[in-house]
Amino acid sequence: MTPGPTPGPLPGPTPGLRIRGLVKSFGGRRVLDEVDLVVERGEVVSLLGPNGAGKTTLVSVVAGLLRPDAGSVSVLGTDVVRAPRAARGRIGLAAQDVAVYPTHTVEENLRFFGALAGLRRGELRTSVDTLLETLDLTPLRRRRARELSGGQQRRLHVGCALVHRPRLILLDEPTAGADPQTRRGLLRQVRALADDGGTVLYTTHYLQEVEELDARVVVLGDGRVREDAGVDQLIARYTRSELVLRFSGEAPELPWPGARVAGDTVFLPTDRPGVDLVKAVELTGQDRERLRAVELSRAGLEAAYLELLGAGRDE
Ligand SMILES: Nc1ncnc2c1ncn2[C@@H]1O[C@H](COP(=O)(O)OP(=O)(O)OP(=O)(O)O)[C@@H](O)[C@H]1O
């Protein structure tokens, strides 16, 4: 008997979002230039890039608001261009500009968007009540949207995007202008959506949020994906940690590549803090008596991101 073909790997679950070879131009200028991106269910991807990098354009194409010139976008296996209605039902979009009905109350806005997406009475009521609670809007439910503060309106705007329980959630700078408490609430909500199996694409300029979400980071630049990595990977790739040695009195000069002395402190770049710590302390010799503190300073995502953008410019 001739053996049959060797079975290939079983296909994994369909990703929440798959983008292939996406091209979009405005006036002959390519804003998206063959972008590929896969976001798995349960994952938060933070889309970063300088102003004008193409983030909103990408989000708009995924949401079906803009037609791509080439390439494909599928949401849980449904093609956004070929089956826009089916895809749209699975997508929740909170665009950059707040869009709620100013003369409607908070609750009426949520009910309107839920009904528009086809939710029936019972599920509509449950979904609205849940969102009012999670977005801290219950005390404001009968307030007209135009009477809300900017941050409260933004929470309602995000709520309207989530009311039909979408499986792909597109959030374009959802925390712009929000106070720290609102921001914290929204981030918690985003994490909960992903933990519940949702797929989240999140654009922001606040890098601290990306760290808090522990999101996968995708950086757009010149219409292409410049980086695609976890927060820790990016920090390790683009920055160096430093051992910080503080002395009583003037810090000594130590024979260490890249060492800096500033008053009573010496900064020693390191890729292997555990090993280098022992070496550094040994090097202090007689000055060890004056050593009063040793710390490890780790750069954050912002430093890594700025370095990454700088590296792009140098190229
Ligand atoms: N409808 C349009 N017509 C012409 N050009 C456009 C249109 N929409 C966007 N652009 C251009 O495409 C480029 C990308 O814009 P986009 O809004 O996607 O960037 P972004 O990364 O979201 O920027 P930001 O961080 O400022 O929100 C910009 O140069 C912008 O001027």
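Okay, some housekeeping. Residues are counted from 1 along each chain, in the order its sequence is written. Since the model is predicted, local features need pLDDT of at least 70 and side-chain atom pairs count only at pLDDT 80 or more, while totals for chains, interfaces and linings use all residues.

Let's start with the record. An unreviewed UniProt entry puts "domain: ABC transporter" at residues 17–247; such positions are in the numbering used here, feature names are shortened, and annotations may be inferred rather than shown by experiment. Over that stretch the chain is 35% helix and 29% strand, with the end C-alpha atoms 53 Å apart. Helices here are DSSP runs of H or I with at least four residues, strands are runs of E with at least two, and both are numbered from the N terminus.

Now, what surrounds the ligand? You'll find Phe26, Val31, Gly49, Asn51, Gly52, Ala53, Gly54, Lys55, Thr56 and Thr57 there, counting a residue as near if its C-beta atom, placed from the backbone, lies within 6 Å. Helix α1 (residues 55–62) gives the largest share of this shell, three residues. By type, the shell has three nonpolar, six polar and one charged. Nonpolar means Ala, Val, Leu, Ile, Met, Phe, Trp, Tyr, Cys and Pro; charged means Asp, Glu, Lys and Arg; the others, Gly among them, are polar.

On to the helices. α3 (residues 106–116) packs on α5 (residues 150–162) at about 25°, axes 8 Å apart; axes are lines fitted to C-alpha atoms, for helices over the stretch in contact, and angles run from 0 to 180 degrees between N-to-C directions. That makes the pair roughly parallel, the word for angles under 35 degrees. Val106, Asn109, Leu110 and Phe113 of α3 touch Leu156, Gly159 and Cys160 of α5, where contact means C-beta atoms, placed from the backbone, within 7 Å.

With α4 (residues 121–134), α3 packs at about 135°, axes 10 Å apart. Here Glu107, Leu110, Arg111, Gly114 and Ala115 of α3 meet Leu124, Ser127, Val128 and Leu131 of α4. That contact divides into five nonpolar, two polar and two charged residues.

Technical notes. Angles under 35 degrees count as roughly parallel, over 145 as roughly antiparallel, 65 to 115 as roughly perpendicular and the rest as oblique. Two residues are in contact if their C-beta atoms, placed from the backbone, lie within 7 Å.
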